[in-house]
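Let's walk through this model together. Have the sequence and the coordinates open as you read.

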Amino acid sequence: MATTEQSLFDRAPGDPYRVLDEDGRVVDGATVPDLADEQLLAMYREMRTARHFDERMVSLQRQGRIGTYSPLAGQEAAQVASTHALREDDWISYQYREHGAVVVRGLTPEYVRYWMGYEEGNASLVDQHIVPLNISIAGHIPHATGMAWAAKLKGDDRVVACHFGDGATSEGDFHEGLNFAGVFDTPSVFFCHNNQWAISVPRDRQTASATIAQKADAYGFNGVQVDGMDPLASYAVSRAAVEKARNPADGEARPTLVETLLYRFGAHTTADDPTAYRDEAEVEAWREKDPIPRFEAFLRDRDLLDDERVATIEDEIEEEVAAVVREAEDVEPDPADLFADAYAEETPRIREQREYLERLRERHGDDALLRDE
Ligand SMILES: Cc1ncc(C[n+]2csc(CCOP(=O)(O)OP(=O)(O)O)c2C)c(N)n1
Ligand SMILES: [Mg+2]
């Protein structure tokens, strides 16, 4: 162990916790978390799977094979490492970009189907202890706090990890969820993935606070900034926060706010054009911190990877993701499903629309949806 070990929870603003530098070398004074070689390699593989899945999903969207999609590239380390710090039965509640957490719990054809617009596509997530994604910004935070409170009241030792973005911190739900967590000491870990932008709104228009982590002071618990493009730092901080939520050595469980500093390399969603609001030079500067080559350099240095192993992993990931997409597409959804589940009981207007579609289908068969009458 290094003599000048960095403190995890007591850090000055602008001094995020780091283990690896941009070239994947261990920074002076940093402690490499105690992870088995297999787990380090699993994290690497999952980060690469998340990146490859992302590329495939953007490509499928461009081909009209899925609907709108929110890319994760750049954010793999924080998503994968934080999930490794959890137990498999700990709940995860996420915004809409944390597909990397889903990859760790297991990528399924159902997950791809959700993005194809197939209503039941979220079902597999619940078995994986993941709350289906939330589009209404920060709307899930009070619910995630409530889940953690419920676990505490029931004497269940599960932790709830709640992911959201920098933009979510401007919503009342963020304040309410974290305030409640602080007062009732819920077993919560809040991950604010500060990717510097909320669509086209930059971080400095989101809050006048020096850091997002420091907002935790107001709620009476720890907030910590971490380099979210460093998987080892993200793991160490997440692990400490999870332990504090579950098994505190010194008293009652406490929540933590983890601000992961990172960047989304791609567009906000496939419906967005980031060149309209941010400079390419900024993107290029953040690409220097890309978590994947950085982690790969660390693993190569430890002789856990070489060219041959990397090539094998790439081939395996390609086949794994292709198989999930193949199976996802092997389904024929009924267009009438469009009208199911919006209300418990069909409203007159929805019935009218459903019957209109039925008439069109009777007349034109499967081409009905392509017609404009
Ligand atoms: C309550 C609410 N207001 C506005 C929107 C529109 N909207 C969708 S994504 C987004 C930005 C969110 O940014 P951030 O929380 O930083 O997450 P990121 O997309 O960067 O991961 C907004 C404002 C919404 N979905 N919900
Ligand atoms: Mg953001």
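**A parallel sheet and its surroundings**

Strand E4 (residues 188–194) runs parallel to strand E8 (residues 256–261), and the two pair over six bridges; strands here are DSSP runs of E with at least two residues, helices are runs of H or I with at least four, both numbered from the N terminus, and pairing requires that DSSP finds at least two bridges between two strands. Within this pair, His-193 has Thr-260 of E8 as its bridge partner. This is a predicted model, in which local features need pLDDT of at least 70 and side-chain atom pairs count only at pLDDT 80 or more, while totals for chains, interfaces and linings use all residues. Residues are numbered from 1 along each chain as its sequence is written, with chains lettered from A and ligands numbered from 1 in the order in which they are written.

Now step back to the whole sheet. It is open, with six strands paired in parallel in the order E2-E1-E3-E4-E8-E7. Strand E2 (130–131) and strand E7 (222–227) form the edges, each pairing on one side only.

Next, look at the ligand. Ligand 1 is surrounded by 15 residues, the closest being Ile-137, Gly-165, Gly-167, Ala-168 and Ala-198; a residue counts as near if its C-beta atom, placed from the backbone, lies within 6 Å. E3 and strand E5 (197–198) each give this shell at least two residues.

Finally, consider the chain as a whole. It is assigned domain 1 (37–329) and domain 2 (335–370), with bounds from an automatic or database domain assignment. Their C-alpha centres are 36 Å apart.
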